Amino acid sequence: MFVEKFITMSSLTEVSSSKTFGGYQKVFNHKSKELACNMNFAIYIPPQASHGKVPVLFWLSGLTCTEGNFITKAGCQRVASEQGVIVVAPDTSPRNCNIEGEDDSWDFGTGAGFYVDATEEKWKKHFRMYSYVTKELPALVSANFPVLEGHMSIFGHSMGGHGALIAFLKNPQLFKSVSAFAPICNPINCPWGQKAFKGYLGSNEDSWKTYDASELIKNYEGPKPEILIDQGVADSFYHSKQLLPETFQESCKQADYPLNIRMHKEYDHSYYFISTFVEDHVKHHMKFLKS
């Protein structure tokens, strides 16, 4: 099979494989150079990949998640199969790196890489999730799976929504589009972001802005595909000012960047919310991935 030829070219270790909607939901393990540890990533390979190369959509998960949350809860495989797109979901941080304190807090360290490249001495060897998801992982996927060159997009949830937004805004030639569910839009001004950025990046708050979507878009130069954001109005983290989508909305207005932000009554921060609208997001990206 066409896809098998690509997979056997790699030193990837297959952890699991399940047939679903005509394709395969797989999980692989590999030794990451950027993170200096073993990492898992999930990948859905649609049936169309048996006959030729297809686009790829990267998903970034939120705090406490692994590569498993999205593939078991979001229900993305059906629409990915229908649309003919590979979907890749990496883990959210390095794990088991023997860093003192890495497991002390649910919102910092293990499960909370925040998609930045750490500069603080304690964390900088392993916590390089930004380079992992924008350099190493795309290159690894492109080299070992039937990916259509130049046809990559990215989306995510919460911390992963933040990661998707900054990955796109900092790499406009790499990703053709971006969307997010309940993203952390302005981390320099919310408790989660301030804790993570101080720990990973240090006390120089100017450096924090390079990983803040609401700041990055003010000086963005590149193509302007519409950004889709879905936010639940019943989301407790929205009400506790962790997400701040209005700040990003205002920055988009100032930058004259097209944004479609949809507010959904009674929906919360959970995967029930994500599974309700994930089909919209995949189809949003396919408008750009097919072009």
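Is Cys 76 buried or exposed? Cys 76 is buried, at a relative accessible area of 3%, where buried means under 20% relative accessible area, exposed over 50% and partly exposed in between, with a 1.4 Å probe and protein chains only. The model is predicted: local features need pLDDT of at least 70, side-chain atom pairs count only at pLDDT 80 or more, and totals for chains, interfaces and linings use all residues. Residues are numbered from 1 along each chain as its sequence is written, and side-chain values use heavy atoms, with hydrogens and water left out.

**View 1. The open sheet of nine strands.** The strand order is E1-E2-E3-E5-E4-E6-E7-E8-E9, with mixed pairing. Strands (E, at least two residues) and helices (H or I, at least four residues) are DSSP runs numbered from the N terminus, and two strands pair if DSSP finds at least two bridges between them. At the edges stand strand E1 (13-20) and strand E9 (259-264), each of which pairs on one side only. From one strand to the next the twist averages 20 degrees; axes are lines fitted to C-alpha atoms, for helices over the stretch in contact, and angles run from 0 to 180 degrees between N-to-C directions.

**View 2. Strand E8 and its two partners, E7 and E9.** Strand E7 (residues 178-181) runs parallel to strand E8 (residues 227-232), and three bridges join them. Ser 179 stands opposite Leu 228, and Phe 181 opposite Asp 230. The pairing of E8 with E9 is also parallel, over six bridges, with Ile 229 opposite Ile 261. In a regular strand the side chains alternate between the two faces of the sheet. In E8, Ile 227, Ile 229 and Gln 231 are buried on one side, and Leu 228, Asp 230 and Gly 232 are buried on the other. Six of the six residues of E8 are buried, so the strand is largely enclosed by the rest of the structure.

**View 3. Helices H5 and H6.** Helix H5 (residues 159-170) lies across strand E4 (54-60), strand E6 (147-157), E7 and E8, at about 140 degrees to E6. Helix H6 (residues 191-201) has Trp 192, Gly 193, Ala 196, Phe 197, Tyr 200 and Leu 201 buried. Seen down the axis of H6, these residues fall within an arc of 110 degrees, so they line one face of the helix; the arc is that of the directions from the helix axis to the C-beta atoms. They pack against H5, helix H7 (205-208) and helix H9 (236-239), contact meaning heavy atoms within 4.5 Å. Just after H6, Gly 202 has a positive phi of about 90 degrees.

**View 4. Cysteines without a disulfide.** A search of the whole structure finds zero disulfides, a disulfide being a pair of cysteine sulfur atoms within 2.5 Å. For Cys 76, the closest cysteine sulfur is that of Cys 65, at 15 Å, too far for a bond. For Cys 252, it is that of Cys 185, at 8.5 Å, also too far for a bond. Cys 252 is buried, at 1% relative accessibility.

View 5. Asn 98 is exposed, with a relative accessible area of 74%. Lys 241 is exposed, with a relative accessible area of 55%.
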